[in-house]
Amino acid sequence: MIKRNLWRAFVSSILILHPILVGLLVWDSVPNSLIANLGIAGIDQVDSKTFVVFGFPAIVLMVHWLFLGLSSMDSGRKKPSKTKQRIMFWAMPTLSLAIQSYTLNAAFGRNSFKELLLPFFLGIFFLVMGHIIPLLEKDSKIGIRLSWTLRSRRNWFKTHRFTGKLWVAGGFIMLIATLMPTTWMFAVMILNLLVMVVAPIFFSYHVYKAHKAKGITYRRLHDTKNPNIYLGIVLIVLAVVLAGVTILMIGGDVNYTFNDSHLSVAPSYSDGFAVSYSQIDEVLFYSTFDKGTCQSGFASARLAVGTYKNGEFGSYTLYGYAGNTGAVVLRVNDQFVALTGKDLPATMDLYDTLTAYVKTP
C-alpha cells in the first residue's frame, strides 16, 4: 500500500515535521518551557522548548509510520478503501498540526484563541471538500461550472481533480497558518483563499487551450443556463475580499475616552480596554518607542493592537497606530500597556491628559 502511495507518505511526513521549521523561525521568541497539553485528564503538561519543537513531531512521525506499516501488512491480502487510506495518511498530520498550533500560540501569549477559529475551520472545510469535489459528476449542479468544464467531460474531470488536490493542500496550509503570529496568519489565509478560488479557472482554461491545440473539439452549450456562474461568483468574492482587506488595512481608529474615574480605550476590529486611574502606578512618555514583534492581535498599515513583545518590557499590550514612533506606557499592577495617538503630537496630548487625571508617586 505504501509503495502505491509514496507521495501521500512523503507529504504527510513533511506536514508532521513542518512545526519544526516554524519553531526554528520563532525560536528566540519562544520561552524555554512550553505547555504541551498532553497531561492526564486534560491537565496541561510543561515540557522543554527543545522537546516540543523537535521531540514531539519526531514521536508523531514514528507513530505515523508505525500505523502505516501495520496497515500495509494488514492490507496485504485486500486493498483498503480510499476512505480508510485517507484516514491513515492524514489523521496524524492533522493531529500534529492541531496540538502544535495550541502549544506555539500559547507560547506567543495568546490567552484567547478566537482569532484561530476562522482559519482552523476553513482548513477543515477545504480538507473535506478537497476529497469530495473530484467525485462530482459533470451534470452536477455544484462544482467548477465554467464554459470549458461544461463543454468537455475531460476538462471537467481534470479541473475537479486538480481542484481537489489544491484544496487539500490549501486546507493544510490554513492549519499550518494557525502556528504563525496573527498578522502572518491572516496574510497567509487571505492569499491562500485567493489562490484556491482563482487557480481552478486558469487551470481549466489551460486544459482547454491544450485540447484546442490537439484538435479536440468541445461541444456547444444549448440548454445550459449560466455556464460561467462559478466565474461570476469568483469575481464577486474577489471584489468583496479585496474591498474588505483594503478597509482593514487602511481603516480603523483607536478612541480614548477620559471619564471621571477611569480611561476607556476602544479600538476598531478588537476588544477594548478600561482601567481606573487609581490602578495606574506609572505613566511614561517615549518619543521613540520600540514596539517589538506582534505576538497576537491585529496589525495593519494603520493600526497596531494586541500583545507585543520587546526587549524593555517583555510581553505587553499595545493600542495604537502603526505609523507613530511615540508612545505612552502605563504600568498597571506590574503589567505594561502602551498607547499611541495618530501622530507624535497627538501622543503628547494623550500623555498630558493622562497625567492630569493620574496621581502617581
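This is a chat about a predicted model of one protein.

Student: How many helices and strands does the protein have?
Tutor: The secondary structure comes to nine helices and 11 strands.

Student: And what share of the residues is buried?
Tutor: Of the 361 residues of the protein, 43% count as buried.

Student: Which residues make a nonpolar surface patch?
Tutor: I247, L248, M249, I250 and Y269 make one of about 460 Å².

Student: Take I247, where is that?
Tutor: I247 is found in helix α8, which covers residues 229–250.

Student: Is I247 buried or exposed?
Tutor: I247 counts as exposed, because its relative accessibility is 53% and the cut-off for exposed is over 50%.

Student: OK, strands now. Why is β8 described as largely enclosed?
Tutor: Strand β8 covers residues 303–310, and seven of its eight residues are buried, so the rest of the structure largely encloses it.

Student: Which strands pair with β8?
Tutor: Strand β7, residues 293–299, pairs with β8 in the antiparallel sense over six bridges. β8 also pairs with strand β9, residues 314–321, again in the antiparallel sense, over eight bridges.

Student: How many residues sit between β7 and β8?
Tutor: Three, and the two strands form a hairpin. β8 and β9 form a hairpin too, with three residues between them.

Student: What stands opposite what in those pairs?
Tutor: C294 stands opposite Y308 in β8. On the other pairing, V305 stands opposite Y319 in β9.

Student: What does L330 touch?
Tutor: Not counting residues up to four places away in sequence, L330 touches L263, I280, E282, V283, Q335, F336, V337, L339 and L354. L263, I280 and L339 are also among the residues with the most contacts inside the core.

Student: Switching to serines. Where is S204, and is it buried or exposed?
Tutor: S204 is found in helix α7, residues 182–213. S204 counts as buried, because its relative accessibility is 0%.

Student: What is S204 in contact with?
Tutor: Leaving aside neighbours within four places in sequence, S204 is in contact with L146, W148, T149, N155 and T159.

Student: And S12, where is that one?
Tutor: S12 is found in helix α1, residues 6–25. S12 is buried, with a relative accessible area of 0%.

Student: Which residues is S12 in contact with?
Tutor: H64, F89, W90 and P93, leaving aside its neighbours within four places in sequence.

Student: Last one: how many contacts join residues at least 24 apart?
Tutor: Among contacts between residues at least 6 apart in sequence, 62% join residues at least 24 apart.

Key
Residues are numbered from 1 along each chain as its sequence is written. This is a predicted model: local features need pLDDT of at least 70, side-chain atom pairs count only at pLDDT 80 or more; totals for chains, interfaces and linings use all residues. Side-chain values use heavy atoms; hydrogens and water are left out. Patches are made of residues with over 30% relative accessible area and no salt bridge: like charges are joined within 9 Å, nonpolar side chains (Val, Leu, Ile, Met, Phe, Trp, Tyr) within 5 Å. Accessible areas come from the Shrake-Rupley method with a 1.4 Å probe; for residues, only the protein chains shown count as cover. A salt bridge is a side-chain nitrogen of Lys or Arg within 4 Å of a carboxyl oxygen of Asp or Glu. Helices (H or I, at least four residues) and strands (E, at least two) are DSSP runs, numbered from the N terminus. Buried means under 20% relative accessible area, exposed over 50%, partly exposed in between (1.4 Å probe, protein chains only). Two strands pair if DSSP finds at least two bridges between them. Contact means heavy atoms within 4.5 Å. A nonpolar core is a set of buried Ala, Val, Leu, Ile, Met, Phe, Trp, Tyr and Cys residues joined through side-chain atoms within 4.5 Å.
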